[in-house]
Amino acid sequence: MEKKIQTIGVLTSGGDAPGMNAAIRAVVRTAINRGMRVVGIDHGYNGLIRGENDPSVLHEMTLRSVSDIMHRGGTILYTARCKEFKEDAGIEKAKQVCVQQGIDGIVVIGGDGSFRGARDLSLKGIPCIGIPGTIDNDISSSEYTIGYDTAMNTVVECVDKLRDTSQSHDRCSVVEVMGRHAGHIALNVGIACGATAILVPEVPFDLDRDVVSKMHEAMETGKHHFVIVVAEGVGETYSVENLATEIQERTGVESRATVLGHIQRGGSPTVRDRVLASEMGNYAVDLLEKGIGNRVVVMRDNKVVDLDILEALNMTKSIDMNLMRVAEEISI
Ligand code: ADP
Ligand code: F6P
């Protein structure tokens, strides 16, 4: 018989993502509504480990402590990347803090790395449930991650603005967007903004074939300004500055590089991110209430379901090659 869960901890870990607050709110309200207590753990796994000496990072959450947060970007619980948690000693310390503080189970909102930590802590006897929160949409087990829609909308707004100035000057705008090692943001935003070329780390490219020739062909049909969207994973080999210089030299079109950076992580979450975060937060508490841990709540076939964490971590996700084809065909 599983131990009855009376107190749930909730934390956010890895890069912040818009919608994390909506997930925290759903966890807190669902758990309290079901008669459980909720402890907010500040600064991700760091806070859990520090809780031993600094109880201020662990605080009681109430129905009202999550009021007015749904529309706010970032995370009210702060977030961090915690090296110590990758070692057994760190996980053991976290387990001791949970036992000391009477935390029976934890909801972890973050990415794949955070899920690994959740699995390790579950194996130590503290049931954990992961909720996918990252702007990159790079969690293999889930078709969608909280924050992705908001980030893409932010990027679209920025690239539309770049287009205005590129158009006015007959320039080429080479813009780097986030995504870590994945090109999902770049591909979708590239299509939504009518980019002439989209460069993602998943698909090898040739600058002359995939960018320069396309620009020359478009110029022959009367095009004078261009947007090239580059995923940051490509930027590890070719910086957007170098790409802009090369493009200018090979096409004669004056080119400018822009790195959008952390602006992409902020802002008020979209409806999609708020609703999904609410549904996933509620689902995570459902599992813990039943004493179930070591699971992630993910989206598969457009439905919210749960999977074993290890199984989830072993899955793979690829870029949508049909969307790549669509982009290629219509960006002429
Ligand atoms: P994300 O969760 O967004 O993928 P990170 O990869 O930075 O972000 O991971 C977030 C945190 O999860 C790390 O700082 C660490 O505390 C924990 N973590 C990452 N990898 C592992 C691992 N292999 N084992 C245990 N914990 C891990
Ligand atoms: O995972 C979210 C993300 O914004 C990635 O797109 C990016 O590669 C990384 O985090 C940047 O991390 P940091 O917060 O360390 O700058």
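**Exercise 1.** How many nonpolar, polar and charged residues does the shell around ligand 2 have?

*Solution.* The model is a predicted one.
Step 1: list the shell. The residues around ligand 2 are Arg81, Thr134, Ile135, Asp136, Met178, Gly179, Arg180, Glu232, His262 and Arg265.
Step 2: assign the classes. Ile and Met count as nonpolar, Asp, Glu and Arg as charged, and Gly is among the polar residues.
Step 3: count. The shell around ligand 2 has 2 nonpolar, 3 polar and 5 charged residues.

**Exercise 2.** Which domains supply at least three residues each to the shell around ligand 2?

*Solution.* 
Step 1: take the domain bounds, which are 7-147 + 269-313 for domain 1 and 148-265 for domain 2.
Step 2: conclude. Domain 1 and domain 2 each contribute at least three residues to this shell.

**Exercise 3.** Find the polar atoms of Asp136, Gly179 and Arg180 that face oxygen atoms of ligand 2, then state how much of the ligand's area the protein buries.

*Solution.* 
Step 1: apply the cut-off. A polar contact is a pair of N or O atoms within 3.5 Å.
Step 2: take the side chains. Asp136 places a polar side-chain atom 2.6 Å from an oxygen atom of ligand 2, and for a polar side-chain atom of Arg180 the distance to a ligand 2 oxygen is 3.3 Å.
Step 3: take the backbone. A polar backbone atom of Gly179 is 3.2 Å from an oxygen atom of ligand 2.
Step 4: take the area. Ligand 2 exposes 400 Å² when taken alone, and the protein buries 75% of that.
Step 5: locate the site. Ligand 2 sits in the largest pocket.

**Exercise 4.** Which residues come nearest to ligand 1, and which helix gives the largest share of its shell?

*Solution.* 
Step 1: name the nearest residues. Of the 15 residues around ligand 1, these are Arg81, Cys82, Gly111, Gly113 and Ser114.
Step 2: name the helix. Helix α4 (residues 112-123) provides 6 residues, the largest share of the shell.
Step 3: sort by class. The shell around ligand 1 has 3 nonpolar, 7 polar and 5 charged residues.

Note on methods. Residues are numbered from 1 along each chain as its sequence is written. Chains are lettered from A and ligands numbered from 1 in the order in which they are written. This is a predicted model: local features need pLDDT of at least 70, side-chain atom pairs count only at pLDDT 80 or more; totals for chains, interfaces and linings use all residues. Side-chain values use heavy atoms; hydrogens and water are left out. A residue is near a molecule or strand if one of its heavy atoms lies within 4 Å of it. A polar contact is a pair of N or O atoms within 3.5 Å; within protein, one must be able to donate a hydrogen and the other to accept it, and residues adjacent in sequence count only if both atoms are side-chain atoms. Accessible areas come from the Shrake-Rupley method with a 1.4 Å probe; for residues, only the protein chains shown count as cover. On a 1 Å grid over the protein atoms alone, a cavity is a set of points where a 1.4 Å probe fits but cannot get out, and a pocket is an open set with protein on both sides within 12 Å along at least five of seven lines; lining residues have an atom within 4 Å of a point. A molecule sits in a cavity or pocket if more than half of its atoms lie within 2 Å of its grid points. Domain bounds come from an automatic or database domain assignment. Helices (H or I, at least four residues) and strands (E, at least two) are DSSP runs, numbered from the N terminus.
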